[in-house]
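Subject: Structure handover and findings

Dear colleague,

Please find below the structure for your work. My notes on it follow directly after.

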Amino acid sequence: MKRVLFAASECVPFVKTGGLADVVGSLPKYFDPKKYDVRVILPKYNCMFQQWKDMMVYQESFQMDINNKREYVGVLSCTYDGIVFYFVDNEYYFSGRTIYEGDEKWNIERFAFFSKAVLSVLPVIDFRPDILHCHDWQTALIPVYLDNFRYLGEYYRGIKTLMTIHNLKFQGIWDTKTVKQITGLPQYYFVPDKLEAYKDANLLKGGIVYADKVTTVSHSYAQEIQTPFYGEGLHGLMYARSNDLYGIVNGLDYKEFSPFLDERIHKRFTVENFRKNKVQNKLALQEEVGLDQNPKVMLIGIVSRLTDQKGFDLIECVLDELCQDALQLVVLGTGEPKYENLFRHFAWKYPGQVSASIFYNEDLSHRIYASCDAFLMPSLFEPCGLSQLMSLRYGTIPIVRETGGLKDTVEPYNEYTKMGTGFRFANYNAHEMLDTIRYAQRVFYDKKRDWNKIVERAMEQDFSWKNSAGKYEALYKGLVGS
């Protein structure tokens, strides 16, 4: 049996700010337990709900050097949903009210401590992994420390590392002198072919350099980050490591997101009965969010962070034009104030046609996925994206830009072959987006039979974690054998 340890800064259900937590919390459950013993390690944050802290059992503690001082390292554990979780305890670093608090320098010190602690606790918990699977810049020092630790003895030799990049934009960058002092790593590591990038220290770069294999969360994003536009200054390194770079699309928990099991939605439905039952969800949502109740109007949903990266500058350009069409728009999310206020204004300007819920509510998000006819996601870049997977699952047709995981998971509708699961546009252009939305409207209103076939194909797609786990298993076999 192969042993795998996931290391991450967040994980469902214990603590979450984004999609990273969903991946780390869901993926371990889908490996064959006869072949893989997959466990997870993360910081023990003070901001975790008490119910999770109450589940943890103290294991051991010791002292560890970091930033020229000795620090306490406590180790706790619990078993949840069949998976063993370890928690690294230190009140100095993890007692804040949020996961990511303070400036970049402070977060670099906190996660340098965590990365070194992950390796230091292995002998204590008596779990020597064959593979350390590291997620994002917060754990990127683990492969670097492992290289350094290998000189300390036999125990750490032979452990393989896999570095998964969920979003290349976030890298953990600070001046070299400070990072060298914090980490205690020798000068040898702070050179341009290792941790140094543009005269600063870059933690993610170190992880990419020293990991045995590198993955990111979709095939297209793996290709994109080898180019200057998407590469965030590391495109040369990504190209250099292209033989060890793999794109594996994130999965979705099909028990959590299921139109025929979901208790959060008004009326459950399946591929067989969505024509009759899905519209009941639409009418209930229209009433809930203050839209005019009309079963025949095209309802478009948006559930997102309201930021430029998600394409809201495109939506801003054409929103007035879009509101002249026979459609309704329901928006859920928070983000940049200019976009929050944009949707508040349009909800006031077009009452009954536009609804703006400028907050986040998990239950309401499920009802939007289940109730809308289409889902708009015109991202500038999207490493994987989960919203389009959720909308496909509920038969809500995605309208997306061709980038990253959106390109890999949404097949464009072809009116001649009668294939496809959604609508796509290529260029980051507001009117190209508007044309695509209007094309989708024409199919919705004028070719209802074709539209329903698109819904059928969308709901039949398999983007479950089982599919993704199989691809990770193949990668693990390449690292350590079967």
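The lining of the second largest pocket comprises seven nonpolar, three polar and six charged residues (Ala, Val, Leu, Ile, Met, Phe, Trp, Tyr, Cys and Pro count as nonpolar, Asp, Glu, Lys and Arg as charged, and the others, Gly among them, as polar). Of the 16 lining residues, Arg275, Val279, Asp373, Lys448 and Asn452 lie nearest the pocket centre. Helix H10 (274-289) and helix H17 (448-459) are the elements that give two or more residues to this lining, and H10 gives the most, with five. The volume of the second largest pocket is about 280 Å³.

A pocket here is an open set of points on a 1 Å grid over the protein atoms alone, where a 1.4 Å probe fits, with protein on both sides within 12 Å along at least five of seven lines; lining residues have an atom within 4 Å of a point. Grid points are joined across faces, edges and corners, and the volume is the space filled by probe spheres set on the points. Helices (H or I, at least four residues) and strands (E, at least two) are DSSP runs numbered from the N terminus.

The model is predicted: local features need pLDDT of at least 70, side-chain atom pairs count only at pLDDT 80 or more, and totals for chains, interfaces and linings use all residues. Residues are numbered from 1 along each chain as its sequence is written, and side-chain values use heavy atoms, with hydrogens and water left out.

H17 also packs against H16, at an angle of about 110 degrees and with the axes 5 Å apart (axes are lines fitted to C-alpha atoms, for helices over the stretch in contact, and angles run from 0 to 180 degrees between N-to-C directions). H16 and H17 are therefore roughly perpendicular (65 to 115 degrees). Their contact (heavy atoms within 4.5 Å) involves Ala440, Val443, Phe444 and Asp446 of H16 and Lys448, Asp450, Trp451 and Ile454 of H17. By class, these residues are five nonpolar, no polar and three charged.

Two backbone features remain. A cis peptide bond, with omega of about 5 degrees, joins valine 12 and proline 13; proline 13 lies in the loop between strand E1 (2-7) and helix H1 (19-26). Lysine 199, although not a glycine, has a positive phi of about 75 degrees, and is found in the loop between strand E9 (196-197) and strand E10 (200-202). Most residues other than glycine have a negative phi, and most peptide bonds are trans.

Yours sincerely

How values were computed:
Parallel < 35°, antiparallel > 145°, perpendicular 65-115°, else oblique.
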